[in-house]
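Welcome! Here is a short tour for anyone meeting this structure for the first time. Take a look at it before reading on.

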Amino acid sequence: MDRRSFLRSTAAFAGLSALAASLSPLRELGDYTNVEQFMQKYYKEMTPDDMTKVLKRITGEVERQYGIRPHVRDLRPMDGVEFVYALNLTRCIGCRKCVHACVAENNQSRSPEIQYIRVLKMPHGSMDVEKGNHTYDDKEVPDKGFFYMPIQCQQCKNPPCVKVCPVNATWQETDGITVIDYDWCIGCRYCEAACPYWARRFNFTKPQIPKDRLNPEMSYLGNRPRKQGVMEKCHFCIQRTRDGKYPACLEVCPVGARKFGNILDPESEVSYIMRTKRVFIQLKEEMGTNPRFFYYFDK
Amino acid sequence: MEQNPAPSPTPGSTKTVYCLSALVFVFVGLAAAFMGDLWGHPPARQEIALVDKSFLEKTPWRKTYADMVRAKEDMADFDCYGCHDKKKPPPLRFDENHILIVPEEHKDIVMGHGTHNRNNLCYNCHNESNLETFQVRDGRELKFADSTQLCGSCHGPNYRDWDAGAHGRINGYWNTKLGEARKLDCANCHNPHAPRIPTRVPAPGPHALRTPVEHPHTPETVH
């Protein structure tokens with residue numbers, strides 16, 4: 001080998017290595033997407049076969065990442081069902097158990113924290129949420145002179161978040177749940193800005209969930225683990241409620257302040273509450289969002 | 001593709017050499033920057049401790065008589081005639097303010113039903129002629145397991161709401177075609193002797209993504 005060709009090949013090798021090294025941050029791209037997910041069809045255009053493949057992919061991804069084989073399903077809305085939530089402000093004691101039961105059920109990031117429910121501590125005699133404090137740090141609750149108002153996604157009939165989504169990654173289902181396709185979301189956060197209830201959360205970082213706290217009972221539009229850069233929010237525990245169960249926040253409530261059910265069924269608890277209780281508020285009623293989440297008083 | 005800059009007399013290839021050298025320089029620079037972590041790591045986030053599992057507990061904080069029978073627990077506390085005499089109802093004693101004195105044997109019972117001590121009489125609910133049952137104001141006799149009906153005999157509106165599922169806790173299935181809905185009894189949440197729900201320690205509040213920066217107060221933000 002002569003001197004010139006030696007220098008030439010050395011330089012070419014060095015140049016290629018430098019190119020490779022400079023592109024090395026792309027190795028982390030696998031955390032965000034992969035070919036299969038990139039080529040995936042829009043949720044509403046998927047055939048049952050497509051969905052089976054997608055669920056298989058998600059099962060594999062979760063198993064690789066957490067070492068637990070999840071049970072991922074794609075539950076569809078039931079006929080003749082429209083979900084409504086009713087929350088009794090007389091009963092709520094502000095213990096925040098619902099917040100953490102929700103996190104545990106729906107596989108939210110633990111550190112940094114993503115929580116769907118915010119419990120506002122509000123002074124008696126006012127319904128002004130501006131006066132609410134959600135970082136209260138009392139030794140004992142309830143505190144005298146205050147009431148507590150948990151706020152989460154209100155599952156509006158006229159959802160502003162759906163209107164602003166530029167890619168239709170979020171939409172309202174026939175049972176009233178506004179869902180997000182985490183594989184379709186581009187993370188523009190328009191919906192977060194549009195929501196008057198501060199109900200949507202953004203994964204600024206890769207979500208951190210300890211393996212032993214992962215809930216393996218998952219659904220596609222519900223609690224499957226999210227990636228960095230996508231939105232998420234309360235979906236009325238779609239993986240439970242479309243299976244006929246109560247949401248996790250309701251079951252854990254120690255005072256029975258949370259009520260959930262099918263408003264189209266006149267025998268359901270929520271229908272009874274709408275008929276007989278002082279259901280006084282859809283939060284920020286004047287926005288015209290028409291929430292399916294109602295606050296009421298007992299007395 | 002990279003190519004070794006080869007010296008050449010023609011002006012066109014000189015240009016190529018300069019371009020390629022510049023590219024190689026840029027790539028080497030970038031590579032060095034990534035290797036040496038020139039931008040450094042993002043500021044470390046504060047690790048947030050996992051929430052205590054007691055806050056995720058769904059079981060009610062009290063067991064009713066019926067729950068205890070179902071769990072086959074020791075029911076010795078409910079064997080009234082182990083100590084009391086069958087024919088002689090135990091007398092109630094009051095202090096100078098007409099407040100019931102809880103006997104030493106029952107000192108774990110806190111009397112706190114109703115305000116102003118108006119309902120702190122044992123025989124408003126317990127049956128003096130048969131201590132192992134309850135008595136309702138309308139004359140019915142109820143078993144310990146049917147305590148919810150006893151509560152309902154005074155607390156009508158709450159009983160009606162409970163019956164409709166609007167008061168109290170229900171676990172399980174909202175769609176009873178798919179599974180069972182387990183409605184909890186009054187005594188699962190309320191202590192019958194002191195029914196007001198006690199205060200409790202709240203679960204930890206939300207942590208911010210970053211520690212909020214303290215801005216100096218301006219006249220507009222001072223409250």
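## The largest cavity

In this predicted model, the largest cavity has a volume of about 110 Å³, a volume being the space filled by probe spheres set on the grid points. A cavity here is a set of points on a 1 Å grid over the protein atoms alone where a 1.4 Å probe fits but cannot get out. Lining residues have an atom within 4 Å of a point. There are 16 of them around the largest cavity, and A:Cys92, A:Cys95, A:Cys98, A:Cys253 and A:Arg258 are the closest to its centre.

By class, that lining has 12 nonpolar, 1 polar and 3 charged residues. Ala, Val, Leu, Ile, Met, Phe, Trp, Tyr, Cys and Pro count as nonpolar, Asp, Glu, Lys and Arg as charged, and the others, Gly among them, as polar.

## Where the chains meet

Now to the two chains. In contact (heavy atoms within 4.5 Å) are 51 residues of chain B and 63 residues of chain A.

The rule finds 2 salt bridges across this interface, each a side-chain nitrogen of Lys or Arg within 4 Å of a carboxyl oxygen of Asp or Glu. B:Lys58 forms a salt bridge with A:Glu251, with the closest N and O atoms 3.1 Å apart.

## How to read the values

Residues are numbered from 1 along each chain as its sequence is written, and chains are lettered from A and ligands numbered from 1 in the order in which they are written. Local features need pLDDT of at least 70, side-chain atom pairs count only at pLDDT 80 or more, and totals for chains, interfaces and linings use all residues, while side-chain values use heavy atoms, with hydrogens and water left out.

Technical notes. On a 1 Å grid over the protein atoms alone, a cavity is a set of points where a 1.4 Å probe fits but cannot get out, and a pocket is an open set with protein on both sides within 12 Å along at least five of seven lines; lining residues have an atom within 4 Å of a point.
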